[in-house]
Structures are given as structure tokens and as C-alpha cells.
Amino acid sequence: QKLSVRQGIVEPVSNRTSRGAQITVFHNGGAGYAATCDFSRSGLTEAIDRASSWAEATVGKLHLEPTIPEFPSAPFPYETQIREPWHSQDIAEKTERLSQINTDLKIHDNIVDWWAALYHEQTESLFITAETEIQQKFVSLTPFLGAVASNCRETQKRTWGSESASQAGLEHLTRRAFAEQAAVTAEDALKLLDARNCPKDC
């Protein structure tokens, strides 16, 4: 889910869901793969048949013989540990928070474009072999800020947050000082307007 506010305007909430299954077959030194988004018995059976066909077709033709990895025989579950779940605040609360941060980006008339956004992602995976079953659940949050400064001669853009994705809940925003970064990002964009260009021979 993506929430964003740009130039004081709340943008539509963006939701995206995807699911799929990948089948891997090792057979007589060959390896085959197939994927499907059809989780029915017939859909999974078809994927298994396709992976098996590729495994058979690659027997004796691979430069490196695939080795079947060893997995723990006991279940090995994993789940991201979070303190403030994404849904502990409703969309209106999170949007209000973003709106204030978006306002803090507009520190000068030369800031001509500015935005604040949150990207929340949840991934659940189930890994099954003949010997074991591994279930994992990952939750990540990425805050994002952007500011464009222009003085009619130069235009510069600064962003913050793309490198700050973390397996975390809303507590990540406090830990990374999300709100405080708004003014810093905008100030950096303004400073670049007056910065000298790099020498051509550097």
C-alpha cells in the first residue's frame, strides 16, 4: 500500500496485491522450473508437469549439475517483529501525518514541487519440499520525501528515504526521524541551486 501527499494534495491510495507459486524439479541431473498464479489443484498440477518436462529436457545438457540443497527437517518459521503495526493507525491518521510533513517541505518560494509518501509491503511465503515446510512473513516500511527547487536558471531535486526501507512497523518513522528530514531535504535542494558546477576536467 502506498500513501502520498504532493503539493498539499492527498493522492489516491494505491493498493497492489500479487501472488504466485514456483515449482522446481530436480531429476536425473536435470532441473526445471515453472510458475503459476493458479492455486487450484489443476493449476499446480500443470505447473509441476511443465517443470518436470524441463527437468527431463535438460538431463545431460547442463554445464553444472544442480545439487539439491539441504533444508532443516523441522519447521523454520520467521515473522518480522514490529511494535507499531501499519493498521494500528487508519488511513486518515497516516495521511494527516504525511500532510504535515508535506507542508514542512515547502520552506521557500523556490521549492516548486514537494511530496511525502509511505510504502508498506507485506510478503508471505511458504516453502515446501518433500521433507520440510518453511513459512515466512516479511513486513517492510519505506518513508520517502522529495523536493524540487528552481530559481528560473537552475533546477535541482533532492530525495530522501529510498535507502531507508526496513523490516519494521510505524516505529521506523520515529527511529529515522522522518518528520525532521523534511526541512533538511528541502534545504539541500535550495543549497544545490547556488552550488558551483564541477569542473569539466574533474
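Okay, everyone, where is Gln 7 found? Gln 7 sits in the loop between strand E1, residues 2-6, and strand E2, residues 9-10. Before I go on, keep in mind that this is a predicted model.

Gln 7 isn't a glycine, yet its phi is positive, about 50 degrees. As for cover, Gln 7 has a relative accessible area of 40%, so we call it partly exposed.

Now look at Asn 28. That one isn't a glycine either, and its phi is positive, about 50 degrees. You'll find Asn 28 in the loop between strand E3 (21-27) and strand E4 (30-36). Asn 28 counts as exposed because its relative accessibility is 58%, and the cut-off for exposed is over 50%.

Next, the surface. Phe 26, Tyr 33 and Ile 68 make up a nonpolar patch there, and together they have about 320 Å² of accessible area. Ile 68 comes from the loop between helix H1 (41-57) and strand E5 (78-79). With 59% relative accessibility, Ile 68 counts as exposed.

Last stop: is Ala 149 buried or exposed? Its relative accessibility is 0%, so Ala 149 is buried. Ala 149 belongs to strand E7, residues 133-150. If we leave out residues up to four places away in sequence, Ala 149 touches several others, including Asn 110, Ile 111, Thr 155 and Leu 193.

Definitions and conventions:
Residues are numbered from 1 along each chain as its sequence is written. This is a predicted model: local features need pLDDT of at least 70, side-chain atom pairs count only at pLDDT 80 or more; totals for chains, interfaces and linings use all residues. Side-chain values use heavy atoms; hydrogens and water are left out. Patches are made of residues with over 30% relative accessible area and no salt bridge: like charges are joined within 9 Å, nonpolar side chains (Val, Leu, Ile, Met, Phe, Trp, Tyr) within 5 Å. Accessible areas come from the Shrake-Rupley method with a 1.4 Å probe; for residues, only the protein chains shown count as cover. A salt bridge is a side-chain nitrogen of Lys or Arg within 4 Å of a carboxyl oxygen of Asp or Glu. Helices (H or I, at least four residues) and strands (E, at least two) are DSSP runs, numbered from the N terminus. Buried means under 20% relative accessible area, exposed over 50%, partly exposed in between (1.4 Å probe, protein chains only). Contact means heavy atoms within 4.5 Å.
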